[in-house]
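Subject: Structure for your study

Dear colleague,

Please find the structure below, handed over for your study. My findings follow directly after it.

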Amino acid sequence: MLAYIGRRVLLAIFTVWAISVLSFVIIQLPPGDYVTSYIAQMASSGSVVSEEEAQALRLQYGLGQPIYVQYAKWMRQVLVGNFGMSMEWRRPVTDVIGERLWLTIAVSVAALLLTWVLALPIGIYSAVRQYSAGDYLATFIGFIGLAVPNFLLALVILYLGFILFNAHIGGLFSPEFQDAAWSGARAWDLLKHLPIPALILGLAGTAQQIRIMRANLLDELRKPYVVTARSKGLSEVRVILRYPVRVALNPFASTIGYTLPYIVSGSIIVSLVLGLPTVGPLLLKALIAQDMFLAGTIVLMLGVMTVIGTLVSDILLVWVDPRIRLEET
Amino acid sequence: MSQVRRTPRNRTLRSRLTVALVLGALTVAVAAVALAQGKNALIGKLEGPEVVTDAAKIPKAFKEAPQLAELVKAGKLPPVAERIGQDPLVIKPLKEIGKYGGTWRAGFTGPADFWNGFRCCSGPDHLMFWDYTGDKVMPNLARGLEMQDGGKTWLLQLRRGMKWSDGKPFTADDFVFWFEDVYRNKDLVPTPSATLAINGKQGVIEKADTYTVRYRFPEAYYMFPDVLAGSTDLAGQMFGYRAMGGFAPAHYMKQFHPKYAGQAEVDKKAKDEKFDSWVRLFLAKNDWARNPDLPVLSAWKTVTPINTPTWTLERNPYSVFVDTAGNQLPYIDKVVLTLAENLEVINLRAIAGEYDYASRHMDLGKLPVFIENQVKGNYKVYLDPGDYGGDMIIKFNLNYDADPEIARWFNTADFRRALSLGVDRDQINETFWLGTGTPGSVVPVDSNKYNPGPQYRKLWSTLDVKKANEMLDKLGLGKKDAQGYRLRADGKGRLRIEIMTLGGQFVQYTQIAEMIREQWKKIGIDLQVQEVERSLALKRTEANEQQLGAWNNDGSEHLFTFPLHVFPFELAAVASSGPLYVKWFHSAGAQGKEPEPRMKELMEKWKKAFGVPEKERIQLGKDIWKIAAEEVYIIGVVGMGPASMGVRVVKNNMGNIPSRQYNSPDGKTPGISRPATFFWKN
C-alpha cells in the first residue's frame, strides 16, 4: 500500500509539472498578450495607448522575451513561493487569489454538502421504490435539474428574487458587510447569502448523483446476496443500508478527484451571473486579459487539486470497496 | 479538470445570449409603455454648474463638513481657511447650495475600470477644464493661463496656499520635479508625449516663481489651453500610473526615485513590495486609484484601492473646491464603488435601485426596464446624448492590400458613398437606439464649433437605394449573379466584403452589422459579418488585415485632442482607416504610405491648427469635417445618441443633478457636472 501511494505521488509530481508547462503554453496561444488586451480595454473606455507606451509596457513586463525564458523566470519564483505579480490587478497573485479562495471554498462546500444530503436519500428512495409516484417525481425533477443549464436557473432565481422579495442582487455580502472585518454579524450575513448560490450550483450535481445512485442501487438490489440477507431475517433498512448502498457508493468516492478542483473554481458562469466574488470569474477575467501569472497560477492550482483529488479517491475506493485489490502490489 | 477544459469565452457568450433573451422578453413587454413616454421626456436641457472667476463673488469665509470641524477642534487638522488657501476654486452649483453628508453608491468592473473613478470623483483635477457645454476652456486647479510671446510661452498661475491632500503646499516645484525627473527619465517615460510638443518639437516646463509655471515651446502652440483641459497626458494625476500628468507630488514621490533616494534603496523597496523593478514601484505609487497614500488634489481621494472588491473614496480635507457660499466641497462624504463581476449584474443592481448615481456601463437596450422600475427603485432616468456624430461608424481600410480588387473599390470615393447611401439608418435607430439617436454622417452635433453646417449631416448619409445602385453600375459593377449580388470586375466571382465587429460593447455592433448586411442586399453588396475577440481585432488592424471595421467615434467632437476617429492616427485601434497612413503621418513621411490628396489635405489642416489662433483653427476644423463628410472615409450610421454612458440612473433625492449633461471622455462626464456639488436632500 505504501509503495503504491509512493508511486502515485511521484507520478503526481510529474503530472503537476506537465500541467504547469501546458497551462503556460495554452495561455500564450491566443493572439496578442496582456498589453494588447490592455490597449483594447482602453479603447473600449475611450482612451488611447500609444505605440511607444505599449512597447515600454512590454519591456517592463518582460513580454518580449521568448516563452521558455518567461516560463523559467516564473518557475524560479514559484518554487520559492512567489507566484508573481498580477498584471491586471497589479498586486501579488497570492493576495488576489487568497481573499477569494475562502469564499469560494465556503460556497462550493455548501453546494457539495447540499448535493450529497439531497442526492443520497432521494437516490436510495427512488431505487427502493422504483416506479412509485415518488420515484417519478424525483426522476422528473432530476431531469429538469440536469437539462436546465444552471446559469439560466441563476438568472431566473435572481429575477424572481428581485421581483418577489426585493432581494439584494448578486454577491455574497450585503453592501454594509462588503469590506467589514470578520465578525459574527458578517459571518451571519454570508450564511444568509449562501443558500441560493449553493442551491443553484448543487442542483445539477444533485440530479446527476440521484440518477447514478438509483441506477447503481437497482443493479445491486437484484443480486443474490440481498435476497440472502433478507431471507436471514434482517430488517429492510439494515439490508439496504448495510450492503447494497455501500457498494453503490463507489461513484461518490471516485468523483472526489473532480470535486476538489470544483470546490475552487466553482462554476465560473454561475459565479459570474450571480456576481460571486470567487475564483471562477477571476480566472475567466485573467484569461481574457491574458494576465499570465494569475491565470497560470489558478490553472496550476486546479491541476494540483485534481491530482490530489484523484489520489484521495483512489485510496478511498480501496477503503470503501474491499473488492478492489491492489493487484500490482 | 472538467472545469479547466471549458472554454470560458463561449460560455460567457452563451450566458450573454441568455441574459439578452430574458431581458429581451421583458423589453418587448414594456417597450410600448416606455416609448409612449417619449424620448423628449428623457432628454432635458443641457445645463451644469459654473466656475466663478469674478473676484468680487469669491467667498471670504469658509465652512466645512462636520467631521472635519471635529478634527479641527481636536487639533488634528488646521482650520478650513488655511487648508483651502487664498484662492479657492469657486463652483456655482447648478441649482442650490447643498448640505454635507451621506454616501454615494455605484459599481465598477475591476482594476481596468479606473476611468470610472476619475470621471465621478476626481473633481476633475485638470489644470484647466471645460465649462458645462464642453466648448469653452475655463480655469480649474490653475487660477489662470496667460499667453505670451505669440503663443510660444504660456504662464500658468497656481492658487496661492493650495495644498496636497496631506497638507503640503502645491507649487511650481511639483511641475519641475515631474518634468525634470519623471518625464525626462528614460526608464519612466521612454518616449516623450506629443502633447508637450508642437510640430514635433518638445517644449520645456520651468518655475517662474512659487506659484507660477512657465511652459516654453519652440513654435506657437495656440492649442495649449485645450490640451490642459482635455483628457490628455498633461491632464493631471489620472495618468500618473503611466508617469504622465504634467505634475506630481514631489515631496512624496522623491522617496521612490533613485535620484533622491538612491538606486540601492529604491531597488530594495521594489523587492520588498514584490515589484520587478523600481519603475513599476514608482508607477504604482503614483497611481491615484491604487495608492491611498498618494497626495492628491482631487475632491475625493482613494482610501481603499481599485484592486480590492470595494473601491472607496473619501472627501479630501484639503480640497480647494468651494461653493458660492464658501462651503468646502464635496458635499457627499464618501463614494463607494462595489465590484460587479459582469455588466449584467451592474445593470440589474441599477435597476434594483442599489446605486445612487450610475451612468457608466448602463445598457441602452435595457432602457424600458430602467424606466419601468423608476418608482420602485426611487430613481429617475436621464439620457445624455453624445455630441459626436457616430455611436456606430464603419471605417473603410484604405490601405487594405490583400485583395487588389477590394483595395481598388475602397479607394474609390463613389463606391464608399454608394455603400453609405445603402444604409437604412432610420430602421437601425428605431431598433437599436429605440429612436433616441440621430441618423447621419460622422460630423459632430450642429452646435459644435467645428460643425461645418447642417447640410453635412445628410450628405451621402440618407437612404437612397436607387442612386446607390446607379452609382455602383456606373463604376463598372453592373454585372450580378443569380442571387442578385454584384460580381467583381476582375471576373473572380461575387464581390464579397468583410466587416469586423466586437461583441460585449456599449453598442451592439455585430447585430447592427447584420442588419446592414440585409440592407446592402438591395444594392447587391454581399457583406460578411465577423465578430472577433478584441485582442485579435487589434492584431488584425495592425497587420492591415481588416477590410471594414465597426466602432464609434466618441471624443471626435473635440477634433483636435481626440482625432483618432477622424483620420488614421493610432496604430492600435480596433477599427482603422489605414494603418500605413498612421505610420506615414507619425514618421513625417519616412515610413508607411503617402495618403491620397484629400486625406493628406485633411491631415495637414489638422496639424496646422495647433499653431494658429482660435478663429483660424475653427475654420480648419470645419474644413476637416467637410472633407470627412464629402469623401466618406468613414460611414456614419447613427450618432448623438445615449448609447455610450448616456443612460443615467439617479436617485430622486440627489440634488444639483442636471437634466442633461455634456457626455464625453474629454468632459470626464459626469465630471463636467461637478459631482462634488451633488448632495443628499434628505
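Of the 682 residues of chain B, 54% count as buried. Please bear in mind that this is a predicted model. For a chain of 682 residues, a compact globule would have a radius of gyration near 26 Å, and chain B agrees because its own value is 26 Å. The C-alpha trace of chain B spans about 85 × 60 × 60 Å along its principal axes. Chain B contains 23 helices and 26 strands. Among its contacts between residues at least 6 apart in sequence, 72% join residues at least 24 apart.

On confidence, the average pLDDT of chain B is 90, and 94% of the residues score at least 70. Over residues 1-17 of chain B, however, the pLDDT is below 50, and this stretch has 23 contacts in the model beyond near neighbours in sequence. Residues 27-34 of chain B also stay under 50, with 10 contacts beyond four places in sequence. Where pLDDT is low, the predicted coordinates should not be read in detail. For the complex, the predictor gives an ipTM of 0.70 and a pTM of 0.81.

Chain B is divided into domain 1 (16-123 + 298-384 + 645-682), domain 2 (130-293) and domain 3 (392-639). The C-alpha centres of domain 1 and domain 2 of chain B lie 27 Å apart. Between these two domains, 33 residues of domain 1 are in contact with 26 residues of domain 2. On the side of domain 1 of chain B that touches domain 2, β1 (50-52), α5 (114-121) and β12 (300-304) of chain B each supply at least two residues. By class, that side of domain 1 has 14 nonpolar, 12 polar and seven charged residues.

β7(B) pairs with two strands, described here in turn. With strand β6 of chain B (residues 144-148), the pairing is antiparallel over five bridges, and B:Gln148 stands opposite B:Thr153. β6(B) and β7(B) form a hairpin with four residues between them. In the turn, B:Asp149 has a positive phi of about 60°. Strand β11 of chain B (residues 212-216) also runs antiparallel to β7(B), joined by five bridges, and here B:Gln157 stands opposite B:Thr212.

Helix α11 of chain B, residues 278-285, is mostly covered, with seven of its eight residues buried. Those buried residues are B:Trp278, B:Val279, B:Leu281, B:Phe282, B:Leu283, B:Ala284 and B:Lys285. They pack against α3 (51-61) of chain A, and also against α8 (250-253), α9 (258-261) and α10 (263-272) of chain B.

In chain A, A:Ile39 is located in helix α2 (residues 34-44). Why does A:Ile39 count as buried? A residue is buried if 20 or more other C-beta atoms lie within 10 Å of its own, and A:Ile39 qualifies because 28 other C-beta atoms are within 10 Å. The C-alpha atoms of A:Ile39 and A:Glu51 are separated by 9.7 Å, and these residues are 12 apart along the chain.

Yours sincerely

How values were computed
Residues numbered from 1 in each chain as written. Chains lettered and ligands numbered in written order. Predicted model: local features only at pLDDT ≥ 70, side-chain atom pairs only at ≥ 80, totals over all residues. Pairing = 2+ DSSP bridges. Rg over C-alpha atoms; globule rule 2.2 N^0.38 Å. Buried ≥ 20, exposed ≤ 12 C-beta atoms within 10 Å, placed from the backbone. Contact = placed C-beta atoms within 7 Å. pLDDT = per-residue confidence, 0-100. Domains from an automatic or database assignment. Nonpolar A, V, L, I, M, F, W, Y, C, P; charged D, E, K, R; others polar.
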